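Hi everyone, and thanks for making time for this. I'd like to walk you through one protein chain, going from its overall layout down to a single residue. Please have a look at it first.

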Amino acid sequence: MAKTDMDRVATILNIALQLVANLAIAFEPFLPFSSEKLRKMLNMETFEWNQLGRTDLLAEGHQLNKAELLFEKIEDETIQAQVDKLLATKKANEAANYKANPIKPVIAFEEFEKLDIRVGTVLECEVVPKMKKLLKFKIADGLENRTIVSGIAQHYKPEELVGKQVLFIANLAPRQFKNGLVSEGMILSAENFDGTLAVTSLLREVKPGSEVK
């Protein structure tokens with residue numbers, strides 16, 4: 001309206017400033033620092049609660065101080081950094097307070113001997129299409145290469161495991177999936193306190209098919 005009615009513009013600005021002055025008082029209990037900053041911009045040295053609602057808090061000709069941003073814009077990156085910091089703190093607290101699960105019931109040594117745990121070398125590894133949790137392994141087991149499907153795709157990239165030696169149970173009954181894929185064993189992993197999985201490996205390389213005793 002400045003091109004046609006400067007008096008009207010002056011009235012609008014005056015009303016807007018009176019409203020801001022009222023907000024500077026009303027928000028003081030909830031946003032004390034921001035309210036103080038706003039009052040400094042408005043050059044309001046003092047205020048009284050009984051002044052709320054008045055439209056003459058700032059007199060005609062009142063000198064304002066330099067205007068500044070009252071609130072800084074918080075970017076998504078800043079928010080994410082704080083979220084990551086909180087999650088890291090939570091994870092650190094969980095790690096510090098971690099206690100292992102109770103030991104399972106005692107079994108006879110003969111029961112353990114029934115498990116045929118062996119060492120295999122990962123020849124190939126790939127994500128199973130349409131099954132985001134599964135990785136398909138081609139394992140050298142010292143006899144004939146076998147296929148093992150493992151639900152660790154959320155913890156490893158396929159290329160991280162190719163060439164590695166892993167421990168697997170060789171004498172489990174084959175398991176067939178809905179897509180026709182058959183898993184001929186189970187790769188052993190350790191579950192950390194936070195639910196992440198770490199594939200079991202060896203301190204030094206041995207021949208594929210070596211038995212774990």
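This is a predicted model: local features need pLDDT of at least 70, side-chain atom pairs count only at pLDDT 80 or more; totals for chains, interfaces and linings use all residues.

Residues are numbered from 1 along each chain as its sequence is written, and side-chain values use heavy atoms, with hydrogens and water left out.

So, the overall layout. The protein has five helices and nine strands; helices (H or I, at least four residues) and strands (E, at least two) are DSSP runs, numbered from the N terminus. Going along the sequence, the pattern reads α-α-α-α-β-β-β-α-β-β-β-β-β-β. The radius of gyration is 34 Å, well over the 17 Å that the globule rule gives for 213 residues, so the protein is more spread out than a compact globule. For anyone new to that, the radius is taken over C-alpha atoms, and the rule is 2.2 Å times the number of residues to the power 0.38. Along its principal axes, the C-alpha trace spans about 95 × 45 × 35 Å.

How much of the protein is buried? Buried residues come to 24% of the 213, where buried means under 20% relative accessible area, exposed means over 50%, and partly exposed is in between, with a 1.4 Å probe and protein chains only. As for contacts, meaning heavy atoms within 4.5 Å, 54% of those between residues at least 6 apart in sequence join residues at least 24 apart.

Now the sheet. Five strands form an open sheet in the order β3-β2-β1-β4-β7, with antiparallel pairing; two strands pair if DSSP finds at least two bridges between them. Which strands stand at the edges? Those are β3 and β7, each with a single partner strand, so one side of each is left without a neighbour in the sheet.

Let's zoom in on the β1, β2 and β3 part. Strand β1, residues 117-127, pairs with β2, residues 135-140, in the antiparallel sense over six bridges. Within that pairing, C125 stands opposite F137 in β2. On to β3, residues 146-150, which pairs with β2 in the antiparallel sense over five bridges. Here F137 has I148 in β3 as its bridge partner, K138 has T147, and L135 has S150. The hairpin of β2 and β3 has five residues between the strands, and G142 there takes a positive phi near 85°. Although β3 is an edge strand, β3 is mostly covered, with four of its five residues buried.

Next, the pockets. On a 1 Å grid over the protein atoms alone, a pocket is an open set of points with protein on both sides within 12 Å along at least five of seven lines, while a cavity is a set where a 1.4 Å probe fits but cannot get out; lining residues have an atom within 4 Å of a point. Grid points are joined across faces, edges and corners, and a volume is the space filled by probe spheres set on the points.

The largest pocket holds about 290 Å³ of space. It is lined by 18 residues, and V20, L38, M41, L42 and L70 are the closest to its centre. Two elements, α1 (6-26) and α2 (32-42), each give two or more residues to this lining, and α2 has the largest share, with five.

The second largest pocket has a volume of about 230 Å³. Of its 13 lining residues, the closest to the centre are V149, R175, S183, G185 and M186. Here β3 and β7 (186-187) are the elements that give two or more residues.

Is Q176 buried or exposed? Q176 counts as exposed because its relative accessibility is 58%. Leaving aside neighbours within four places in sequence, Q176 is in contact with L181 and V182.
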